[in-house]
Amino acid sequence: MSDHGASGQLARSLMFVPGHREKMVAKASVLQTLDLAMFDIEDGVPPAEKDTARSLLEAKLPMLPSPRPRRFVRVNAIASDRFAKDVAAVVVPGVEGLALPKVESPDEVRAAERDVARREGETGASGLTFIVAIESARGLLRAPEIAAASPRVMGLMFGAEDFANDLGLPTDRRGAARELAQARAQVVFAAASAHVQSYDGVWPEIADLDGLRRDSIQARELGFTGKTLIHPGQIDTINAVFTPSEADVDLARRVVAAFEEAVRRGEGAIAFGGQLIDLPIVERARRVVALYEATR
Ligand code: COA
Ligand code: MG
């Protein structure tokens, strides 16, 4: 059984934090309800502020209080001339991983892995993981290989806005990436095929929490294990949608217990409340319980 989406690496809510905004960096680093902060030096930072963002994060990240939220940095694209300096600045103890934008091939991931491993050796950081962004048709077509390119890959993240741009979709798209449902599903499949997590794109309308909730439910139903966000007001809605309810957990525990009892009797499949329970259903139930316990 794969454990993507379950314990160990809890990442339901992942917030972008503009790396040049000192106040936002400070605020995000003490948000106890947020699972993971992605301090940004890529597209959320204007080009003229990128050097500022890099040095601000270099100075602040090693000193932030731990351990929640988990700390990641979204660096510039691996092929860009900023990548090497970004890695040099932010691969430090206390940073858990990098978000790698606009990835289109497994070779890029392996190149990033070599650079990060070398820098870890120099700074004493270790075990950094990768969140890899799929933001183009090219990237999507190779997403299964990209997800499997390195054991450091923790999950795939869908970059809805860049993806829509790559497809030439109109700019007045509002909210939900419904027209991108097929691409979103493919990101989920690619991630699951490599047993890694998957995170949906952002809901851009900060004031519309109903819309956020609907979009998050759709993402969960597609199979995403979490969702990215841009404003602290969005954290609770996303956490709620990606956390099993008491009723879900209760049912899952009873399914597991009934199945284990049947196994003791030498049976492989049983009827439970009128539904067939066999191994895949039990494994899903165990995953629900593990995820629930990871959120306690
Ligand atoms: N990270 C950390 N703190 C944030 C934040 C974020 N992404 N978004 C808002 N905040 C903070 C604000 O600084 C403010 O803090 P305060 O109460 O201590 O003053 C508080 O949350 C409330 O913010 P609010 O006034 O409602 O919003 P804002 O006008 O300050 O910011 C945005 C709105 C959209 C500019 C801001 O949310 C943002 O920059 N988000 C990230 C966008 C981004 O990264 N995009 C690229 C990736 S898709
Ligand atoms: Mg992007």
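Which polar backbone atom lies 2.8 Å from a nitrogen atom of ligand 1? It belongs to Ile-230. The legends below start with that ligand.

This is a predicted model, in which local features need pLDDT of at least 70 and side-chain atom pairs count only at pLDDT 80 or more, while totals for chains, interfaces and linings use all residues. Residues are numbered from 1 along each chain as its sequence is written, chains are lettered from A and ligands numbered from 1 in the order in which they are written, and side-chain values use heavy atoms, with hydrogens and water left out.

View 1. Ligand 1 is surrounded by 13 residues. A residue counts as near a molecule or strand if one of its heavy atoms lies within 4 Å of it. The closest are Met-15, Phe-16, Lys-23, Ile-230 and His-231. A backbone N or O atom of Phe-16 sits 2.8 Å from a nitrogen atom of the ligand 1 molecule. Lys-23 places a polar side-chain atom 2.9 Å from an oxygen atom of ligand 1. The protein covers 60% of the 890 Å² of accessible area that ligand 1 has on its own. Such areas come from the Shrake-Rupley method with a 1.4 Å probe; for residues, only the protein chains shown count as cover.

**View 2. Which elements build the shell around ligand 1?** Two or more residues come from each of β1 (13–18) and α1 (22–28). Helices (H or I, at least four residues) and strands (E, at least two) are DSSP runs, numbered from the N terminus. Strand β1 gives the most, with 4 residues. By class, the shell has 8 nonpolar, 2 polar and 3 charged residues. Here Ala, Val, Leu, Ile, Met, Phe, Trp, Tyr, Cys and Pro count as nonpolar, Asp, Glu, Lys and Arg as charged, and the others, Gly among them, as polar.

View 3. Glu-135 lies in the loop between β5 (129–134) and α5 (137–141), and Asp-162 in helix α7 (residues 160–167), so the pair ties together parts that are 27 residues apart in sequence. Glu-135 is buried, at 6% relative accessible area. Asp-162 is partly exposed, at 24%. Buried means under 20% relative accessible area, exposed over 50%, and partly exposed in between (1.4 Å probe, protein chains only).

**View 4. Asp-35 and its partner Arg-68.** Asp-35 is in the loop between α1 and β2 (36–40). Its relative accessibility is 0%, which counts as buried. The side chains of Asp-35 and Arg-68 make a polar contact of 2.8 Å. A polar contact is a pair of N or O atoms within 3.5 Å; within protein, one must be able to donate a hydrogen and the other to accept it, and residues adjacent in sequence count only if both atoms are side-chain atoms. Leaving aside neighbours within four places in sequence, Asp-35 is in contact with residues including Leu-10, Arg-12, Pro-69 and Asn-239. Contact means heavy atoms within 4.5 Å.

**View 5. Ser-150 and Glu-113.** Ser-150 is in the loop between α6 (143–147) and β6 (153–158). At 5% relative accessibility, Ser-150 is buried. A 2.7 Å polar contact joins the side chains of Ser-150 and Glu-113. Not counting residues up to four places away in sequence, Ser-150 touches Val-109 and Glu-113.

View 6. Phe-242 is buried, at 5% relative accessibility. Phe-242 and Arg-220 are 22 residues apart in sequence, with C-alpha atoms 6.7 Å apart. Beyond residues up to four places away in sequence, Phe-242 touches Arg-12, Phe-224 and Leu-291, among others.

**View 7. Positive phi at Lys-102 and His-195.** Most residues other than glycine have a negative phi. Lys-102 has a positive phi of about 55 degrees. Lys-102 lies in the loop between β4 (97–100) and α4 (106–123). Lys-102 is partly exposed, at 30% relative accessibility. His-195 has a phi near 60 degrees. His-195 is found in the loop between α8 (181–193) and β7 (197–200).
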